[in-house]
Amino acid sequence: MQKILRESVSLIERKSNLILIVLVLTVVLSGVFYSIYLGNNLRYFDERSYYDLATNIVSSHQYTFDGKHPTVHRPPGYPLFLSFFIFLGADIVCLRILNFIALGLCIYLLYRIIEKQSSRFAGIISALLI
């Protein structure tokens, strides 16, 4: 049993780059198709909140939901990220796709960090857990 486990871990470590590429591509491509499927409708409360904040950053240069009263309801990083692309003319589908690209980048970066700190096997497990 230990021999099988050791061989499995060794195989995963040897193929870790391929596993990582397949994982990231699967997440991003699935996200692209899902984003297209959802269309330009905002279905979730968080999406509406972040989108409103980002559009108000672009239109009124304020961090606000209604364009008048400032808020601290949400952290500012993600709306600032979105506002840059809204300023460039991105629609909701494009913003969702960017979100999945960012998720793929996070998976990749987590793998690299854990790989350096521990091992390739731990990096792949971490990436898969995301």
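1. Ground rules. This is a predicted model, with local features needing pLDDT of at least 70, side-chain atom pairs counted only at pLDDT 80 or more, and totals for chains, interfaces and linings using all residues. Residues are numbered from 1 along each chain as its sequence is written, and side-chain values use heavy atoms, with hydrogens and water left out.

2. Helix α3 on its own. Helices here are DSSP runs (H or I, at least four residues), while strands are E runs of at least two, numbered from the N terminus. The 16 residues of α3 should span 22 Å at 1.5 Å a residue, and its end C-alpha atoms are 22 Å apart, which agrees. The expected span is 1.5 Å times one less than the number of residues. What α3 buries. Buried means under 20% relative accessible area, exposed means over 50%, and partly exposed is in between (1.4 Å probe, protein chains only). In α3 the buried residues are Glu47, Ser49, Tyr50, Asp52, Leu53, Ala54, Asn56 and Ile57. They pack against α4 and α5, the latter covering residues 92–117.

3. Asn56, a residue of α3. Its relative accessibility is 11%, which means that Asn56 counts as buried. Contact here means heavy atoms within 4.5 Å. Apart from neighbours within four places in sequence, Asn56 is in contact with His61, Gln62, Thr64, Phe65, Asp66 and Gly67.

4. α3 against α4. Two packed helices are described by the angle between their axes and the distance between the axes. The axes are lines fitted to C-alpha atoms, for helices over the stretch in contact, and angles run from 0 to 180 degrees between N-to-C directions. For α3 (residues 45–60) and α4 (residues 77–87), the axes come within 8 Å and cross at roughly 60 degrees. That makes the pair oblique, given that angles under 35 degrees count as roughly parallel, over 145 as roughly antiparallel, 65 to 115 as roughly perpendicular and the rest as oblique. The crossing of α3 and α4 is right-handed; the near helix is turned clockwise from the far one by less than a right angle in that case, and anticlockwise in a left-handed one.

5. Who makes that contact? On the α3 side you'll find Tyr50, Tyr51, Leu53, Ala54, Thr55, Ile57 and Val58, and on the α4 side Tyr78, Pro79, Leu80, Leu82, Ser83, Ile86 and Phe87. By class, the contact of α3 with α4 comes to twelve nonpolar, two polar and no charged residues. Ala, Val, Leu, Ile, Met, Phe, Trp, Tyr, Cys and Pro count as nonpolar, Asp, Glu, Lys and Arg as charged, and the others, Gly among them, as polar.

6. Ile86, from the α4 side. Is Ile86 buried or exposed? At 16% relative accessibility, Ile86 counts as buried. Ile86 and Ala54 sit 32 residues apart in sequence, yet their C-alpha atoms are 7.4 Å apart in space. Not counting residues up to four places away in sequence, Ile86 touches Tyr51, Ala54, Thr55, Val58 and Leu95.

7. α5 against α6. These two pack at an angle of about 150 degrees, with their axes 7 Å apart. That makes α5 roughly antiparallel to α6, and their crossing is right-handed. Ile107, Leu110, Tyr111, Ile114 and Glu115 of α5 meet Arg120, Ala122, Gly123, Ile124, Ser126 and Ala127 of α6. The residues of this contact split into seven nonpolar, two polar and two charged.

8. Ser126, in helix α6 (residues 120–129). With a relative accessible area of 17%, Ser126 is buried. Beyond its neighbours within four places in sequence, Ser126 is in contact with Leu110 and Ile114.

9. α1 against α6. Helix α1 (residues 2–14) packs on α6 at an angle of about 80 degrees, with the axes 8 Å apart. The two are therefore roughly perpendicular to each other. Val9, Ile12 and Glu13 in α1 meet Arg120, Phe121 and Ile124 in α6. By class, the contact of α1 with α6 has four nonpolar, no polar and two charged residues.

10. Phe121, also in α6. Phe121 is partly exposed, at a relative accessible area of 25%. Setting aside neighbours within four places in sequence, Phe121 is in contact with Val9, Ile12 and Glu13. Phe121 and Arg14 are 107 residues apart in sequence and 9.1 Å apart in space, C-alpha to C-alpha.
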